[in-house]
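Colleague: Can you take me through this one? I have the sequence and the model open.

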Amino acid sequence: MKPTQSLLKMFLLPILMVVLPALFLMAIAMEARVTQSLNNVDNVVQLTALLLGIGMMGGLIGAAFFFVWRSNKRLMIIGDAILSLAERQQTLSDFQAIEQMSRQRSGSLTRVAIALMTFRDAEKQRREAECKVHQLAYFDTLTQLPNWQLMREHLQHSLDKSQQTGTYGALIYLDVDDFNRINDSCGHPMGDNLLKQIAERLSGLTAEGATIGRLGGDEFMVIIDGLASDQLKAAEKAEAFAEQLQRMLSRCYWVEDKKHFLSVSMGIALFNGLQESIDRLFQYSNAAVHLAKLTSPSGLQFYDPAVQAELEARTELEFDLRMAIERQEFVLVYQSQVDGLGRAIGAEALIRWEHPRNGFVSPGTFIPLAEETGLVVPIGNWVLETACEQLVIWANDENTEHLTLAVNVSAKQFQQPDFVDTVCGVLTKSGASAHRLKLELTESTMIGKIDDIIARMLQLKALGVSFSLDDFGTGYSSLQYLKRLPLDQIKIDQSFVRNLHKDTDDKAIVQTIIAMGRSLGLQVIAEGVENHEHWRYLNEHQCHAFQGYYFCKPVSATEMVQRSLSPPPMLA
């Protein structure tokens, strides 16, 4: 039987149950009246039959209405369930009654209930999948904070609200300082744990009108609405809020029972209405945080148009730097290193960039950019290859065959898994003597797994390569590692030598470094020696070697050789 026929039968049955008995009783009553006129039936019997008929008819009518009411209730339950399934924004209703109906043995509504239960399960799965897709599209998977896509929508809403109320809002860009060092030295799981803790602290903000999100990596964003109608007052409130964030985020973090301290730089861009687009505001705050990171740890800067110009120039410089590798626009210059008598014992190879439009670009400009972008690795490999080729040239001249050549190696380059193989390959290809090659490492190289660093150094020392610790005294490495590292030399940073002739503190530091180096059996070389007073003081305190403008500026390889043959300046 079809469902429509079953439903028709269900409604017709109670109607027939009421109508047919009523017609039957009416027929009895009419027959009784005829019989009365003919046979003169007793009035008592007639009354009894009438009352009995009325009672039976009332019972049947009540049963019919109960049956209709029950069926109507079930239909209403089914209707509510259908509406719940049809309305996507509405929460799925309680399906317990439908589930009970689906367990009945027979009946037309049982099949409807079973179909609804199947549809409910499918709809539930669809909504759960839709929720997951929305979560992945608009929320960060690590911290569960809104991602950049959702923050764009929040920012647009804030711009609209600012336009309506005439008040300023602020976009604050947060960037954790030197976070890559944590990932490199402690591992990414440790970094992820710290990022989660940062997100928890940011989520605990109770400030009205503040929206927090994560852009990715170690970068977060905060949007503040309704600061003030006056720009200066709005800036003051935004600055106070940012300082509150820094205090909150600078507190100690605990990961695996170990303390960690972080500093966070922030860039702030104010907005008022729809004068600026979302992308522009993001660029402004990003430019501001870059400037803040250059000033100091936990820096805080507002956007300035000059910052945007600087950022655009940096982007152009990065493109040119990548092209410079392909175009071979780099050159090496050399600064001689001398002994206590002023005789040349070696040189340091220094890179220079001859830009086709801007001329020579200072290493202080492009080396930090190369470090940040990872280009320092291919550039460093080029320096190593060119320096070894120069060593071969010097080895064929009796006047320069004794010279050593120092090459700076960045922390990122040294930590490459194939660094030892790279050095071996360069030495083999060029034919240079490993005993004439000296690699200068900075103290930042020592951050990380010290045992792996020592093992890598020992592999190269077995070939004959020597090591010098550059910029000694300015880094963060522990002195307990100094005695373990297979070093041959430490280099006194020029910041301690520059004012040596007039600063007593610098004199004390230099004396201490020389004494410590000698006690550890290390050679000590001082850089930044610019005058006779510098050389005299260092020489009197038994510094082994010297480097600086007093002896030689960075020059070409040919000129460096000529200068090494000239009389020392203190004897000239």
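Modeller: First a convention: strands here are DSSP runs of E of at least two residues, numbered from the N terminus. By that convention Q335 lies in strand β8, residues 330-338. Keep in mind that this is a predicted model.

Colleague: Is Q335 buried or exposed?

Modeller: Buried: Q335 has a relative accessibility of 7%, and the cut-off for buried is under 20%.

Colleague: What does the side chain of Q335 make a polar contact with?

Modeller: One partner is the side chain of Q547, at 3.0 Å. The side chain of Q335 also reaches the backbone oxygen of C552, at 2.9 Å.

Colleague: And which residues is Q335 in contact with, leaving aside neighbours within four places in sequence?

Modeller: The list has G346, A347, E348 and L350, and then Q547, G548, Y549, C552, K553 and P554. Q547 also belongs to the residue range of strand β16, 545-547.

Colleague: Which strand does β16 pair with?

Modeller: β16 pairs with β15 in the parallel sense, over three bridges. Within that pairing, I525 stands opposite A545 of β16.

Colleague: What do β15 and β16 make with helix α19?

Modeller: A right-handed β-α-β unit, with α19 covering residues 532-540.

Colleague: How many residues of β15 are buried?

Modeller: Four of the five, in a strand that spans residues 523-527. That is why β15 can be called largely enclosed by the rest of the structure.

Colleague: Which strand is joined to β15 by four bridges?

Modeller: That is β14, residues 489-492, which runs parallel to β15. K491 is the residue opposite I525 there.

Colleague: Keep going. What joins β13 to β14?

Modeller: Three bridges, and the two strands run parallel. S468 stands opposite Q489 of β14. S468 is also the bridge partner of E440. Strand β12, residues 437-441, pairs with β13 in the parallel sense over four bridges.

Colleague: How many of the residues in β13 are buried?

Modeller: Six of seven, so to speak mostly covered, for the strand at residues 466-472.

Colleague: Change of topic: helix α8. How far apart are its end C-alpha atoms?

Modeller: They are 27 Å apart. The helix has 19 residues, 231-249, and at 1.5 Å a residue it should span 27 Å, so the two agree.

Colleague: Which residues of α8 are buried?

Modeller: A234, A235, A238, F241, A242, L245, Q246, M248 and L249. Seen down the axis of α8, the buried residues fall within an arc of 160 degrees, so they line one face of the helix.

Colleague: Which exposed residues does the face turned away carry?

Modeller: L232, K233 and R247 are the exposed residues on that face of α8.

Colleague: What caps the N-terminal end of α8?

Modeller: D230, with a side-chain oxygen 3.1 Å from the backbone nitrogen of L232.

Colleague: Now the overall numbers. How many helices and strands?

Modeller: The protein has 20 helices and 16 strands. Of its 572 residues, 41% are buried.

Colleague: And what share of the contacts between residues at least 6 apart in sequence joins residues at least 24 apart?

Modeller: For the protein, that share is 67%.

Note on methods: Residues numbered from 1 in each chain as written. Predicted model: local features only at pLDDT ≥ 70, side-chain atom pairs only at ≥ 80, totals over all residues. Heavy atoms only, no water. Buried < 20%, exposed > 50% of the residue type's maximum accessible area, 1.4 Å probe, protein only. Pairing = 2+ DSSP bridges. Right-handed = clockwise from strand over helix to strand, strands pointing away. Expected span 1.5 Å × (residues − 1). Arc of directions from axis to C-beta. Polar contact = N/O pair within 3.5 Å; in protein donor to acceptor, adjacent residues only side chain to side chain. Contact = heavy atoms within 4.5 Å.
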